[in-house]
Amino acid sequence: MIFFGVITLLSNINSPEDIKDFSQKQLTELAKEIRKTIIETVGQNGGHLASNLGVVELTIALHKVFNSPQDAIIWDVSHQCYAHKILTGRYKNFSTLRTYGGLSGFTKKHESPHDFFDAGHSSTSISSALGLLTAWQLQGRNDKVIAIIGDGALTGGMAMEAIAHAGQLAKNLIIIVNDNQMSIDPNTGSISRYLSRISMSKSYQNIKTGFEKILDKVPFINKFLIKFFRRFKRSVKGMFLTTNLFSDLGCEYIGPLDGHDFKQLIHVLNKVKKMNQPVVVHVMTQKGRGYSPAEDHPEKFHGIGPFCISDGTVEKFDTLSFTEAFSNSLMNLAKTNSKIACITAAMAKGTGLDSFARHYPDRFFDVGIAEEHAVTFGGGLSVGGILPVICIYSTFMQRAVDQVIHDIALQDIPAVIMLDRAGPVPADGETHQGLFDIALFRPVPNIFMMSPSSAKDLDMCFNYAVESKKTVIIRYPKMSCPTEQAVFSSPIEIGRGCIVKAEDIASSLAVLLEDEPETKKVLFVCTGGMYSDCVTSVRALAMKNILADIYTLRFIKPFDFDYFYSFAKSYDGIVLVEDGIKDGGISEWLQSMILEKGYRNVSVKAFPSKFYAHGTRAEVCLQADMTSEDLTLSAMQLLNKE
């Protein structure tokens, strides 16, 4: 771990202009202070640590050379924007990072004019930057636009499409490839190997550096000589690299550079600033730089909760998460079912596939940050006789809606799609909420959609999905699994859920209330991610002399409405609770079906169609009036109780 002193420079920096005249010694000290601030804040609040520590020098160099916000600095994903935030007037509020009402962990337009886009998903920066640059030039504006993209994000096809278009347009776009050999997990695939091959071409780099030094000393070089020297340089490059992807796509290539060497970075960026063509600057950085636990285990410190700064340890909890529950179910089935193959888009650990990857490497496929390819590749596996288990966060599956429809559902083939982080997601904000999957996928033909409420329920659903020979989507939240109920072990019945009685939740009060003839009864009908909130509400209602049962939507689709209505109509009120967007959700449809039957005492509690800011899960729910208190109030209003 590096030694951190007292903050002296940062407290006087209110904008990038304040570092323009810094000496290299001051820049080095500034980097230390920024790392200290990032480590202390992430240790307290959680966040993306390793990626941010790796780009401190690069960020400082960019802000020293370019003139943000006149020049636009566009961060891909923006997992690595913390130093940028600190240098652009947000140091004094940086301690609020990722807290409700505080700074976002990603770039946010409303926070600062230095943030040009709200970001959170991968591989978008080059497309956005090229569009922005083109718009500026069409209006006669000649400021610079710089896109910073990680090597992992280059595995996303959109990034390559954008580079090809930049070469075609011949705009003077600057693309910084931040090469740290990782995205969230270690990078895989040919792009990673290609960048590694470029970075090892030290002979070419030495010749290139010497060649440029000679050019710098030659006065009055005319345009003909400049073109000649460029062609000669490319010929020399060809001796050491049989091909250069970026050059072949029409971009000048510079690098690889040491991303922690201020002198080299500033020298090269000043030269790049004067170029009048698209250029790719390849920068090598170390993820977790300056904090030894993160250097040793960068994958653990990519996105991390609060931790002990002295040794990097994270508090462990005994509770089982839904992700861990899925991993356990998967490993149990994989022992006997050799047809199961698992696919992830650079998220093996986050989706619980790391154990499967270690035990069954031949059946594990990390396709990189390429969700579209992951789904269609899974479709190919299925047609070939292998059962694909495709594990992607709900928010990232939005990128592959067409592939789910065209390459899975339309083909009517067996596939299991596990949507982790469905529903409200803590800390990461608008770009990471998993609220749209039900509305996106429920209308699609040939798809079954399931929503387990507990670890055992998830196990039952996953086993069913594997054996069903259908396309099955299983969605589950980022949270601890609730206390089990016996009904969650009941056999799967297509289209039907589980009824959890009030006496199973608030036993003593419920028994007393059953004997009261005036006791009102209400039914919560919920997706699995809202089951715990309904349980809390059941207990609160029991204290108010109201009995509440819960019907969990094991199946969002298909839905056996006749079975459901046969018992639901006996309740005094029905509250439909969904951890998804109301418009187009299961609750809105179910409400319409109930109303058609003439039953009027029904209400919907789902998320209004808006984007939800970062905060704890409870704070996200609070923004939508979806807390357990809100559920309790909704039930009481149905029953005309104050």
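This is a predicted model: local features need pLDDT of at least 70, side-chain atom pairs count only at pLDDT 80 or more; totals for chains, interfaces and linings use all residues.
## A loop residue to start with

A346 sits in the loop that runs between β6 (340-344) and α14 (354-359). Is A346 buried or exposed? Its relative accessibility is 5%, so A346 counts as buried. Its backbone also deserves a look: A346 is not a glycine, yet its phi is positive, at about 65°.

A second residue with this feature is N545, which has a positive phi of about 65° and is not a glycine either. You can find N545 in the loop between α22 (531-542) and β14. N545 has a relative accessible area of 48%, so it is partly exposed. Why point these residues out? Because most residues other than glycine have a negative phi.

## The protein as a whole

How many helices and strands does the protein have? There are 26 helices and 17 strands. Of the 642 residues in the protein, 59% are buried.

Contacts can also be sorted by how far apart the partners are in sequence. Taking the contacts with a separation of 6 or more, 76% are between residues 24 or more positions apart.

## Two cis peptide bonds

Most peptide bonds are trans. The bond from S68 to P69, however, is cis, and its omega is near 10°. P69 belongs to the loop between α3 (56-65) and β1 (72-75).

Another cis peptide bond leads from K557 to P558, with omega near -5°. Here the proline, P558, is in the loop between β15 (555-557) and α23.

## Helices α5 and α6

Two packed helices are described by the angle between their axes and the distance between the axes. Helix α5 covers residues 125-138 and helix α6 covers residues 157-169; they pack at an angle of about 30°, and their axes are 8 Å apart. That angle makes α5 roughly parallel to α6, because angles under 35 degrees count as roughly parallel.

Which residues of α5 meet α6? They are I126, S127, L130 and T134, and on the α6 side they meet M158, A159, A162, I163, H165, A166 and L169. Sorted by class, this contact of α5 with α6 has eight nonpolar residues, three polar residues and no charged ones.

G131 is also part of helix α5. Its relative accessible area is 41%, so G131 is partly exposed.

## Aromatic rings in pairs

A pair of aromatic rings is described by the distance of the centres and the angle of the planes. A search of the whole structure turns up 24 aromatic pairs. One of them joins F116 and W136: the ring centres are 6.2 Å apart and the planes are at 70°, so this pair is edge-to-face. F116 is in the loop between α4 (82-90) and α5, while W136 is in helix α5, so the pair ties together parts that are 20 residues apart in sequence. With 8% relative accessibility, W136 counts as buried. R141 lies over the face of W136, 3.5 Å from the ring centre.

Y551 and F567 make another edge-to-face pair, with 5.2 Å from centre to centre and 65° between the planes. Y551 lies in strand β14 (residues 546-552) and F567 in helix α23 (residues 561-568), so this pair ties together parts that are 16 residues apart in sequence. Both Y551 and F567 are buried. They also belong to a cluster linked by ring pairs, together with F559, F561, Y563, F564, Y565 and W589. Over the ring of Y563 sits the charged end of R496, 4.0 Å from the ring centre.

## Around helices α16 and α17

Helix α17 (residues 401-409) has buried residues V401, Q403, V404, D407, I408 and A409. What do the buried residues of α17 pack against? Their partners are α15 (371-383), α16 (394-397), β9 (415-420), α18 (437-441), β10 (447-450) and β11 (471-475).

In helix α16 you will find S394. S394 counts as buried because its relative accessibility is 2%. Leaving aside neighbours within four places in sequence, S394 is in contact with L419, D420, R421, A422, G434 and D437.

Technical notes
Residues are numbered from 1 along each chain as its sequence is written. Side-chain values use heavy atoms; hydrogens and water are left out. Axes are lines fitted to C-alpha atoms, for helices over the stretch in contact, and angles run from 0 to 180 degrees between N-to-C directions. Helices (H or I, at least four residues) and strands (E, at least two) are DSSP runs, numbered from the N terminus. Angles under 35 degrees count as roughly parallel, over 145 as roughly antiparallel, 65 to 115 as roughly perpendicular and the rest as oblique. Contact means heavy atoms within 4.5 Å. Ala, Val, Leu, Ile, Met, Phe, Trp, Tyr, Cys and Pro count as nonpolar, Asp, Glu, Lys and Arg as charged, and the others, Gly among them, as polar. Rings of Phe, Tyr and Trp (its six-membered ring) pair if their centres lie within 6.5 Å; planes under 30 degrees apart count as stacked, over 60 as edge-to-face and the rest as tilted. Buried means under 20% relative accessible area, exposed over 50%, partly exposed in between (1.4 Å probe, protein chains only). A charge sits over a ring if NZ of Lys or CZ of Arg is within 6 Å of the ring centre and within 35 degrees of the ring normal.
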